[in-house]
Amino acid sequence: MSTNNDREVLSVVLKSWGKRRRALEAERDRLVQRSLAAGITIEEIHQSMGIARTTIDRIGKGSQS
């Protein structure tokens, strides 16, 4: 059974993980946008980064707005 201390520690760890994930996603989006602008194919970005082609499409469309 978890203690209150376990819950508090895990809550802090979860928030920290979320903050790092959001920072990486912002970096990822900029990198994908720059790569698309440079003419790198969606397939190459997909293979290199391991992210879905639909995600790359969405990121690319967001930069055209």
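Axes here are lines fitted to C-alpha atoms, for helices over the stretch in contact, and their angles run from 0 to 180 degrees between N-to-C directions. I am working on a predicted model.

Entry 1, helices α1 and α2. I looked up how the axes of α1 and helix α2 (residues 42–49) lie: they come within 10 Å and cross at roughly 145 degrees. I noted the crossing of α1 past α2 as right-handed. On the α1 side I listed R28, L31, V32, S35 and L36 as making the contact, and on the α2 side I42, I45 and M49. Sorted by class, I get six nonpolar residues, one polar and one charged.

I took α1 as residues 4–37, which is 34 residues. From first C-alpha to last I have 50 Å, close to the 50 Å expected at 1.5 Å a residue. I found G18, R28, V32 and S35 buried in α1. After the helix I checked G39, and its phi is positive, near 90 degrees.

Which residues form the largest nonpolar core? I find five: V32, I45, I51, I56 and I59. I then followed I56, leaving aside neighbours within four places in sequence, and found V32, L36, I42, I45, H46 and I51 in contact with I56.

I placed R53 in helix α3 (residues 53–63). Is R53 buried or partly exposed? I call R53 partly exposed because its relative accessible area is 38%, and buried would need under 20%. With neighbours within four places left aside, I list I42, E43, H46 and Q47 as contacts of R53. For R53 and E43, 10 residues apart along the chain, I have a C-alpha separation of 7.2 Å.

Note on methods
Residues are numbered from 1 along each chain as its sequence is written. This is a predicted model: local features need pLDDT of at least 70, side-chain atom pairs count only at pLDDT 80 or more; totals for chains, interfaces and linings use all residues. Side-chain values use heavy atoms; hydrogens and water are left out. A nonpolar core is a set of buried Ala, Val, Leu, Ile, Met, Phe, Trp, Tyr and Cys residues joined through side-chain atoms within 4.5 Å. Buried means under 20% relative accessible area, exposed over 50%, partly exposed in between (1.4 Å probe, protein chains only). Contact means heavy atoms within 4.5 Å. Helices (H or I, at least four residues) and strands (E, at least two) are DSSP runs, numbered from the N terminus. The expected span of a helix is 1.5 Å times one less than its number of residues. A crossing is left-handed if the near helix is turned anticlockwise from the far one by less than a right angle, and right-handed if clockwise. Ala, Val, Leu, Ile, Met, Phe, Trp, Tyr, Cys and Pro count as nonpolar, Asp, Glu, Lys and Arg as charged, and the others, Gly among them, as polar.
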